[in-house]
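Here is a short briefing for a reader new to this structure. Start with the view below, then work through the topics.

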Amino acid sequence: MNELSFEEAMERLEAIVTKLENGDVPLETAIGLFQEGMALSQLCGGKLELVESKIETLIQSGEGFQKKTFAIANEDKGE
């Protein structure tokens, strides 16, 4: 599977789910779609974890380390 963007992978995953929910695909095709869907799900999960790790920072508080979500400067200003 070539490197898809998160959005491309989600679109393909949604199309697969729709096909499987309709139930009008042969068993062998359904198995292949399921396997592709699982791979896409793992790809999306990995991309989300990567993004999450990039936007979280650790700060030290009096009680030890604590996660704090990184806020983009423009969001703080309401822009």
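Buried means under 20% relative accessible area, exposed means over 50%, and partly exposed lies in between (1.4 Å probe, protein chains only). By that scale, Lys-47 is partly exposed because its relative accessible area is 22%. This is a predicted model: local features need pLDDT of at least 70, side-chain atom pairs count only at pLDDT 80 or more, and totals for chains, interfaces and linings use all residues. Residues are numbered from 1 along each chain as its sequence is written, and side-chain values use heavy atoms, with hydrogens and water left out.

**Overall layout**

- The protein has three helices and two strands. Helices (H or I, at least four residues) and strands (E, at least two) are DSSP runs, numbered from the N terminus.
- Read from the N terminus, the elements run α-α-β-β-α.
- The protein has 79 residues, and 11% of them count as buried.
- Accessible areas come from the Shrake-Rupley method with a 1.4 Å probe; for residues, only the protein chains shown count as cover.
- Contact means heavy atoms within 4.5 Å. Among contacts between residues at least 6 apart in sequence, 45% join residues at least 24 apart.

**Salt bridges**

- Side chains of opposite charge can pair when their charged atoms come close.
- A salt bridge is a side-chain nitrogen of Lys or Arg within 4 Å of a carboxyl oxygen of Asp or Glu. By this rule the count is two.
- Lys-47 pairs with Glu-3 in a salt bridge, with the closest N and O atoms 2.8 Å apart. This pair links distant parts of the chain: Lys-47 sits in helix α2 (residues 27-55), Glu-3 in the segment before α1, and they are 44 residues apart.
- Glu-3 counts as exposed because its relative accessibility is 61%.
- Arg-12 and Glu-36 form a salt bridge through their side chains (2.8 Å, N to O). This pair also links distant parts of the chain, with Arg-12 in helix α1 and Glu-36 in helix α2, 24 residues apart.
- Arg-12 counts as partly exposed because its relative accessibility is 28%. Glu-36 counts as partly exposed too, at 26%.

**Surface patches**

- Patches are made of residues with over 30% relative accessible area and no salt bridge; like charges are joined within 9 Å, and nonpolar side chains (Val, Leu, Ile, Met, Phe, Trp, Tyr) within 5 Å.
- Lys and Arg count as positive and Asp and Glu as negative, while His and the chain ends are not counted. The place of a charge is taken as NZ of Lys, CZ of Arg, CG of Asp or CD of Glu.
- Glu-7, Glu-8, Glu-11 and Glu-14 gather in a surface patch of negative charge.
- Glu-7 belongs to helix α1 (residues 6-22). Glu-7 counts as exposed because its relative accessibility is 52%.
- Leu-20, Phe-34 and Met-38 make a nonpolar surface patch of about 270 Å².

- Leu-20 is in helix α1. Leu-20 is partly exposed because its relative accessible area is 31%.
- The C-alpha atoms of Leu-20 and Phe-34 are separated by 8.0 Å, and these residues are 14 residues apart along the chain.
- Neighbours within four places in sequence aside, Leu-20 is in contact with Val-25, Ala-30, Leu-33 and Phe-34.
- Val-25 lies in the loop between α1 and α2. Val-25 counts as partly exposed because its relative accessibility is 23%.
- Leaving out neighbours within four places in sequence, Val-25 is in contact with Lys-19, Leu-20, Ala-30 and Leu-33.
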